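Here's a quick, friendly briefing for anyone meeting this structure for the first time. Have a look at the picture, then read on for the main points.

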Amino acid sequence: MTKPSLPDLLHAAVDAVGGTERPGQVTMAEAVAEAVDDGSHLLVQAGTGTGKSLGYLVPALAQGERVVVATATLALQRQLVERDLPRTVDALHPLLRRRPEFAMLKGRSNYLCLHRLHEGMPQDEEEGLFDQFEAAAPTSKLGQDLLRLRDWSGETENGDRDDLTPGVSDRAWAQVSVSSRECLGASRCAYGAECFAEMARERAKLAEVVVTNHALLAIDAIEGAPVLPPHEVLIVDEAHELVSRVTGVATGELTPGQVNRAVRRCAKLADEKVADQLQTAAEGFERVMELALPGRLEEVPEDLGYALMALRDAARNVIVALGSTRDKSVQDEDAVRKQAIASVETVHAVAERITLGSEYDVVWYERHDRFGASLRVAPLSVSGLLREKLFAERSVVLTSATLKLGGDFNGVGASLGLAPEGTATAEGDQPVWKGIDVGSPFDYPKQGILYVAKHLARPARDGDRADMLEELTDLIQSAGGRTLGLFSSMRAAQNAAEELRSRIPEYPILLQGEETLGELIKNFAADPQTCLFGTLSLWQGVDVPGPSCQLVVMDKIPFPRPDDPLMSARQKAVEEAGGNGFMAVAATHAALLMAQGAGRLVRASGDRGVVAVLDSRLATARYGSYLKSSLPEFWYTTDRNQVRRSLAAIDAAADDTK
């Protein structure tokens with residue numbers, strides 16, 4: 001039997017999901033198949049509406065080797081496992097003469113732990129375990145969540161937190177789940193044979209396609225112990241998020257509260273002298289942290305250095321002591337000991353990392369009104385780690401609607417550890433890759449306008465922006481509501497919402513944080529007169545086609561804050577190496593966010609609207625052309641009267657279709 005052609009397979013899959021085959025999707029599928037065949041790497045920019053999931057799934061399934069698909073958002077993981085993969089597998093089965101299996105795999109703490117559910121959880125103050133179901137008042141929110149979790153445990157097939165609807169608080173989930181460090185291991189656990197996390201791993205070992213998230217991919221790369229099954233092809237969707245997710249996993253944190261919890265957990269298990277040593281070190285660390293001022297520590301201060309060395313040495317002694325002593329009077333001693341060791345190991349690892357003082361790490365203090373001071377350490381760059389761990393021994397495809405910044409893929413490529421496209425090194429140690437932009441099915445110049453409010457005063461940090469609020473009011477009135485407001489800070493979003501609620505009360509304004517994100521987006525989509533204001537998660541997480549979102553406003557260019565310790569350290573490092581730190585770090589960060597934000601406007605072929613940037617620098621600054629070239633090719637204007645007329649016309653047309 002002849003092997004089915006890729007166009008035939010793609011056609012069958014598109015029919016199965018009820019979609020429309022698009023030229024960009026065909027181009028993408030062919031490029032993915034070619035990269036997989038020759039073992040090279042590919043960056044694919046595929047605009048909204050391309051159908052990129054099938055553009056990579058069909059060639060991946062056709063080649064017959066195991067594939068890992070890593071995504072950033074829960075929504076896309078669900079779409080792949082619940083809709084795209086089942087239909088695609090069914091459609092391809094007659095042509096491939098096999099039925100590829102697929103499975104979802106997440107980190108251990110995403111699954112219900114039966115041991116913790118039935119035996120209780122270790123507590124800090126007393127020996128052994130306590131029953132969290134008895135301890136929580138049944139009428140409290142926590143108590144109700146825990147009772148619902150207990151009922152759900154008898155119904156769920158996979159124990160995956162994300163399958164519990166409605167969800168529960170992080171506090172409730174923490175009482176019925178464990179991290180990989182806290183887990184007893186299947187062989188030592190009374191519930192090992194029924195363990196949801198172990199079953200998920202077994203399913204993944206048998207599957208041809210494993211769907212996971214960026215965080216687990218990062219853990220697999222960083223920690224050395226394989227979490228994912230061996231695979232020949234890696235596909236990273238929503239790849240614009242990868243660097244920040246990997247950075248997050250590679251970031252360590254120490255707080256006085258965390259250290260004190262570790263002290264309490266080991267107090268009854270360790271030798272008194274060893275436990276006292278850790279208690280003393282914890283008190284010394286807490287005294288230093290009381291005086292901590294937010295900001296980067298270019299060098300670790302002497303008092304902090306001494307406190308961290310004391311913490312490191314005491315933690316190491318406790319770990320040794322806990323591994324060699326036994327106390328049968330402690331209820332379910334193995335579980336209690338495992339959690340104590342996990343807590344102390346985390347303290348030891350971060351204290352040692354900061355004490356060793358790698359030139360490739362950035363260390364800083366943060367201070368929160370609610371949680372107090374924390375000490376953080378993160379890698380200056382994850383590009384070397386990604387180059388070494390991600391691109392070795394397998395073909396990697398990275399795709400997103402926003403990978404091409406300033407007209408090429410080299411900015412994103414550099415953040416992933418890739419040399420400029422087409423660069424060949426004599427040693428051959430750089431991964432071979434190419435980038436393709438398969439376009440979008442949307443006609444951006446006809447469907448959207450990019451308006452820059454060139455007449456507004458240049459925004460000053462934390463300055464009064466009365467002219468911006470006037471402009472925003474006029475735009476919302478011209479649009480008849482229908483506005484998604486993307487702000488560079490939560491404070492700016494709150495100020496704007498408060499001001500405009502009093503100025504134009506006829507247009508309801510929803511504000512991020514006043515309700516769950518899902519509920520806000522649902523209410524925004526339901527009423528065209530309603531506006532939605534918020535910050536970071538709205539720049540990337542809103543998909544509202546149709547007349548409810550016809551004006552997307554950015555209050556200013558979303559550069560990182562000048563006092564962001566990690567971003568400023570990365571910028572300085574580029575400058576010291578002879579590069580342009582502002583363009584490589586700050587402008588790239590802003591371009592990526594702006595491209596994502598502008599992508600909220602046109603989500604379907606019938607959508608019309610305006611992206612309004614209320615920051616004159618996009619029209620006047622030298623870097624403005626770089627930022628504009630990273631956005632969809634909307635029709636461009638700085639004429640405020642023209643944009644008001646256009647919005648009024650779009651509003652009238654939307655009303656006529658009711």
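This is a predicted model: local features need pLDDT of at least 70, side-chain atom pairs count only at pLDDT 80 or more; totals for chains, interfaces and linings use all residues.

Residues are numbered from 1 along each chain as its sequence is written, and side-chain values use heavy atoms, with hydrogens and water left out.

A word on the labels: helices (H or I, at least four residues) and strands (E, at least two) are DSSP runs, numbered from the N terminus. Two strands count as paired if DSSP finds at least two bridges between them.

- Strand S14 (residues 448-452) and strand S19 (residues 609-613) run parallel, and five bridges join them.
- They belong to an open sheet of seven strands with parallel pairing, in the order S16-S17-S15-S18-S19-S14-S20.
- At the edges sit strand S16 (509-511) and strand S20 (635-637), each of which pairs on one side only.
- From one strand to the next, the twist averages 15°; axes here are lines fitted to C-alpha atoms, for helices over the stretch in contact, and angles run from 0 to 180 degrees between N-to-C directions.
- Helix H24 (residues 581-598) packs on this sheet, touching strand S15 (483-486), strand S18 (551-554) and S19. Contact means heavy atoms within 4.5 Å.
- The direction of H24 makes about 160° with that of S18.

## The four-strand sheet

- What order do the strands take in the open sheet of four strands? The order is S8-S11-S10-S9, and the pairing is antiparallel.
- Its edge strands are strand S8 (252-254) and strand S9 (295-296), each pairing on one side only.
- S8 pairs with strand S11 (residues 372-379) in the antiparallel sense, over three bridges. Here Gly252 has Val377, in S11, as its bridge partner.
- Helix H23 (residues 565-576) packs on the sheet and touches S9, strand S10 (361-368) and S11. The direction of H23 makes about 155° with that of S10.
- S10 and S11 run antiparallel and are joined by eight bridges; they form a hairpin with three residues between them. Val363 stands opposite Val377 in S11.
- S9 and S10 pair in the antiparallel sense over two bridges, and Arg296 stands opposite Trp364 in S10.
- As a bit of background, strands of a sheet pair through backbone hydrogen bonds, either parallel or antiparallel.

## A well-covered helix

- Helix H3 (residues 52-63) has 12 residues, which should span 16 Å at 1.5 Å a residue; its end C-alpha atoms are 18 Å apart, which agrees. The expected span is 1.5 Å times one less than the number of residues.
- H3 is mostly covered, with 11 of its 12 residues buried. Buried means under 20% relative accessible area, exposed means over 50%, and partly exposed is in between (1.4 Å probe, protein chains only).
- The buried residues of H3 include Leu54, Tyr56 and Leu57.
- After H3 comes Gly64, whose phi is positive, near 85°.

## Salt bridges

- How many salt bridges does a search of the whole structure find? The search finds 35. Each is a side-chain nitrogen of Lys or Arg within 4 Å of a carboxyl oxygen of Asp or Glu.
- Arg99 forms one with Asp90, with the closest N and O atoms 2.6 Å apart. Arg99 is partly exposed at 40% relative accessibility, and Asp90 is partly exposed at 46%.
- Asp145 forms another with Lys141, the closest N and O atoms being 2.9 Å apart. Both lie in helix H7 (residues 141-153), four residues apart, about one turn of the helix.
- Is Asp145 buried or exposed? Asp145 is buried, with a relative accessible area of 3%, whereas Lys141 is exposed at 52%.
- Arg603 forms a salt bridge with Asp543, with 2.9 Å between the closest N and O atoms. Arg603 lies in the loop between H24 and S19 and Asp543 in the loop between helix H22 (536-541) and S18, so the pair ties together parts that are 60 residues apart in sequence.
- Arg603 counts as buried at 18% relative accessibility, while Asp543 is partly exposed at 49%.
- Salt bridges that share partners also join Glu471, Asp474, Arg640 and Arg644 into one network.
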